[in-house]
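Here is a short note to read alongside the coordinates. The points run from one residue out to the whole chain.

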Amino acid sequence: MPEPVIAQRSPYAVNVEAGKTYAWCACGRSAAQPFCDGSHKGTGLAPKLFKAGQSGPVYFCGCKHSKTGATCDGSHQTMPPAPTLTPEEQMKRFEKELKDNDWGHQPC
Ligand code: FES
């Protein structure tokens with residue numbers, strides 16, 4: 001199973017509308033977090049649909065490792081801290097990811 005990217009190490013609080021369905025980003029690559037923007041194409045991951053039962057705040061998973069799916073289960077609290085990279089290391093990692101992955105960035 002492909003590994004998702006950790007979008008952030010905390011949940012996204014979003015006010016949802018009852019009856020509306022939301023496409024939660026499971027891959028972590030969307031620029032429209034916590035929702036899918038199609039960036040998962042080619043990763044082997046796909047968004048998960050979340051239907052709001054009631055209007056109000058929902059805490060969507062930001063670390064992409066929640067065992068409950070789209071909503072936060074606290075998994076981010078047990079993750080190791082984010083690695084600290086120099087700007088040069090960050091650029092090398094970014095260039096390698098671009099080279100290794102053709103994500104397509106096409107809409108769903
Ligand atoms: S699941 Fe992440 S962009 Fe679609």
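1. Where is His40 found? This is a predicted model, and it puts His40 in the loop between strand S2 (21-24) and strand S3 (48-51).

2. Is His40 buried or exposed? His40 is buried, because 23 other C-beta atoms lie within 10 Å and the cut-off for buried is 20 or more.

3. Which residues does His40 touch? Leaving out residues up to four places away in sequence, His40 touches Cys27, Arg29, Leu45, Ala46 and Pro47. Ser30 is 10 residues from His40 along the chain. The C-alpha atoms of His40 and Ser30 are separated by 7.4 Å.

4. Now the helix. H1 covers residues 87-100, 14 residues in total. At 1.5 Å a residue, H1 should span 20 Å.

5. H1 is hardly covered. The count of buried residues among its 14 residues is 0. His40, in contrast, is buried.

6. On the overall layout, the protein chain has 1 helix and 4 strands. Read along the sequence, the pattern is β-β-β-β-α.

7. The protein chain has 108 residues, and 21% of them count as buried. Taken along the principal axes, the C-alpha atoms fill a box of roughly 45 × 30 × 25 Å.

8. Last, the contacts. Take those in the protein chain with a separation of 6 or more: residues 24 or more positions apart account for 55% of them.

Note on methods: Residues numbered from 1 in each chain as written. Predicted model: local features only at pLDDT ≥ 70, side-chain atom pairs only at ≥ 80, totals over all residues. Helix = DSSP H or I, 4+ residues; strand = E, 2+ residues; numbered from the N terminus. Buried ≥ 20, exposed ≤ 12 C-beta atoms within 10 Å, placed from the backbone. Contact = placed C-beta atoms within 7 Å. Expected span 1.5 Å × (residues − 1).
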